[in-house]
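Thanks for coming. I will go through one model today, with the sequence and the structure on the screen.

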Amino acid sequence: MRNKSSSTCLFCKIISHELPSECLYEDDEILAFKDINPQAPFHVLLIPKIHISTLNDLGVENIDMAGKLFLTAKYLAASNNLEGYRVVVNTNQQGGQVVYHMHMHMLAGRQMKPGLG
Ligand code: 5GP
Ligand code: ZN
């Protein structure tokens with residue numbers, strides 16, 4: 001689903017400040033905030049401000065925003081002096097997605113194993 005926002009979506013409520021978050025970056029299209037249950041010393045979620053449920057709902061009209069998600073990760077790495085990091089987009093139930101507003105996890109601050117094991 002692609003929509004400006006969804007009244008039932010947790011991350012849309014964070015975008016609209018109905019729910020609080022620890023914001024690290026915000027512009028017209030993107031918000032980056034700390035994950036509430038961090039899996040690494042640095043664990044940030046990067047989300048589009050429009051409601052896109054999963055990566056499968058991304059369309060060609062979203063290419064610019066999708067590129068900006070990666071550039072925002074790069075910006076956060078530089079501004080937080082992160083030497084290395086991992087980005088992950090869990091997609092659908094089998095992909096481990098729990099919140100159905102597309103998001104990029106950015107993990108850093110500990111040694112990651114090569115590969116995804
Ligand atoms: P998923 O499994 O859908 O890829 O990841 C959802 C992520 O959202 C999880 O890492 C979870 O800790 C995080 N999360 C869930 N609810 C909240 C919340 O209310 N605030 C914040 N900051 N993160 C949340
Ligand atoms: Zn949403």
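I start with Leu45, which is buried at a relative accessible area of 4%. Buried means under 20% relative accessible area, exposed means over 50%, and partly exposed is in between, using a 1.4 Å probe and protein chains only. Leu45 sits in strand E4; strands (E, at least two residues) and helices (H or I, at least four) are DSSP runs numbered from the N terminus.

A word on the source. This is a predicted model, in which local features need pLDDT of at least 70 and side-chain atom pairs count only at pLDDT 80 or more, while totals for chains, interfaces and linings use all residues. Residues are numbered from 1 along each chain as its sequence is written, chains are lettered from A and ligands numbered from 1 in the order in which they are written, and side-chain values use heavy atoms, with hydrogens and water left out.

Next, the core. The largest nonpolar core has 16 residues; such a core is a set of buried Ala, Val, Leu, Ile, Met, Phe, Trp, Tyr and Cys residues joined through side-chain atoms within 4.5 Å. Among the residues with the most contacts inside this core are Phe42, Val44, Leu46 and Met106. Strand E3 (30-34), strand E4 (42-48), helix H2 (63-79) and E7 each give two or more residues to this core. Which element gives the largest share? That is H2, with five residues.

On to ligand 1. It has 16 residues around it, counting a residue if one of its heavy atoms lies within 4 Å. Lys34, Asp35, Val98, His103 and His105 are the closest. There are polar contacts too, meaning pairs of N or O atoms within 3.5 Å. A side-chain N or O atom of His105 is 2.8 Å from an oxygen atom of ligand 1. For Asn90, a polar side-chain atom lies 2.9 Å from a ligand oxygen, and for Gly96 a backbone N or O atom lies 2.9 Å from one.

Last, backbone angles. Most residues other than glycine have a negative phi. His17 has a positive phi, near 65°. His17 is in the loop between H1 and strand E2 (23-26), and is exposed at 60% relative accessible area. Asn92 also has a positive phi near 65°. Asn92 is in the loop between E6 and E7 and is partly exposed, at 31%.

Definitions and conventions:
A polar contact is a pair of N or O atoms within 3.5 Å; within protein, one must be able to donate a hydrogen and the other to accept it, and residues adjacent in sequence count only if both atoms are side-chain atoms.
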